[in-house]
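Have the model open and follow along.

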Amino acid sequence: MINIGVIGYGYWGTNLVRSFAEAPGAVLHVVVDPDPEKLQLAKRRYPGVKTAARLDDILGDPDLDAVAIATPVSTHFDLALAALRAGKHVWLEKPMTETSAQARQLTEEAKKRGLTLLVDHTFIYTGAIRKMRDIVASGDLGDIYYYDSTRVNLGLFQHDVNVISDLAVHDFSILDYIMGKHPAAVSASGVTHFPGMPENLAYISLFYESGAIAHANVNWLAPVKVRQILLGGSKKMIVYDDMATSEKVKVYDCGVKFAKDPQEIYQLRVGYRTGDMWAPKLATSEALRVAADHFVDCIKSSTTPVTDGLLGLRVVEIIEAATASMLRRGETIQLERQGRNV
């Protein structure tokens, strides 16, 4: 059994505690939070669990195998580095760190010590995104032309990260997983409507060497919650609506064909193809539970997580570039794409 400690018993930390308490092969060993009231709440819900106010109080525990860190992004690096140096496997919430330099150091530290480092990009563990990746990998969509995402809602406003780090981070990880490629360049524009607060609205474009383009619209000031992705290919197209109660993923057999004959080109001949729509069957297991089970399995088998430190690093690189572009009013930033190897 893998003994796991959860660091941070806030909104997401409570979900992690529940997931690891229920995961086969794992034991919820300790909950860490500086707030005594939160620790009392954890004790009432999980009577057998240990509690502590600081990570340093538990790092010397020889029975503790791994820690899951669900704290503000600004604390991720120091906490994760301390845990890795203490010989603990690490689960780290997204985004992985504030800077790519920090993300690279954590990845190198985990590799050097032979420890598992998983970054919780939860969407990658959903049945919908995994099915979309399978469809793309099968070639059914043909060449990928575009990815268009709308991820908007009213709040929750963050004080320590902007809307790119909070919402667009999901699209960056999904794109990395589905496309298997790092974008060549990024351009972003955004604004804050409240002085002293991070940007609450942004539009991001990612450019790929293949000619594909990805666009993400993220917003904390929308009157409705929308979570929708359009993925267009040369053969077929996908619509993913995460808010739908059923048929979240729909595949459309439609597209366009441009004439190659010189005479037809002169006449601007364009052919449109419309065929059937089908909704593939999706795995319905809770994504966070799937990720928790995967973390435990990776520790036991010494295998690399799907959302490992390198994926987390690549996502942070895009966040950095998009934020830099936004601060420069949409200037295109070239990406070095160095996050594939450490």
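Two strands count as paired if DSSP finds at least two bridges between them. Helices (H or I, at least four residues) and strands (E, at least two) are DSSP runs, numbered from the N terminus. A word on the ground rules: this is a predicted model, so local features need pLDDT of at least 70 and side-chain atom pairs count only at pLDDT 80 or more, while totals for chains, interfaces and linings use all residues. Residues are numbered from 1 along each chain as its sequence is written, and side-chain values use heavy atoms, with hydrogens and water left out.

Now zoom in on strand 4. It pairs in the parallel sense with strand 1 over four bridges, and with strand 5 in the parallel sense, again over four bridges. Val-6 stands opposite Ala-68 of strand 4, and Ala-68 also stands opposite Trp-91 in strand 5. Val-67, for its part, has Val-90 of strand 5 as its bridge partner. In a regular strand the side chains alternate between the two faces of the sheet. Strand 4 is covered on both faces, with Ala-66 and Ala-68 buried on one side and Val-67 and Ile-69 buried on the other. Buried here means under 20% relative accessible area, exposed over 50%, and partly exposed in between (1.4 Å probe, protein chains only).

Gly-5 stands opposite Val-30 of strand 2. Six of the seven residues of strand 2 are buried, so this strand is largely enclosed by the rest of the structure.

What packs around these strands? Helix 1 (residues 11-22) buries Gly-13, Asn-15, Leu-16, Val-17, Ser-19 and Phe-20. Those buried residues pack against several elements, including strand 1 (2-7), strand 2 (26-32), strand 4 (66-69) and helix 8 (287-301). Contact, by the way, means heavy atoms within 4.5 Å.

Of its 48 residues, Met-132, Ile-164, Phe-172, Ile-204, Leu-206 and Leu-231 touch the most other members. Helix 6 (residues 163-179) supplies the largest share of this core, eleven residues. Not counting residues up to four places away in sequence, Leu-231 touches Met-132, Ile-178 and Met-237, among others.

Helix 5 (residues 127-138) packs with helix 6 at an angle of about 35°, with their axes 9 Å apart. From helix 5 come Ile-129, Arg-130, Met-132, Arg-133 and Val-136, and from helix 6 Ile-174, Tyr-177 and Ile-178.

Finish at Ser-205, which is found in strand 9 (residues 201-207). Is Ser-205 buried or exposed? It is buried, with a relative accessible area of 18%. Leaving aside neighbours within four places in sequence, Ser-205 is in contact with Ala-185, Val-186, Ser-187, Ala-214 and His-215.

Key. A nonpolar core is a set of buried Ala, Val, Leu, Ile, Met, Phe, Trp, Tyr and Cys residues joined through side-chain atoms within 4.5 Å. Axes are lines fitted to C-alpha atoms, for helices over the stretch in contact, and angles run from 0 to 180 degrees between N-to-C directions.
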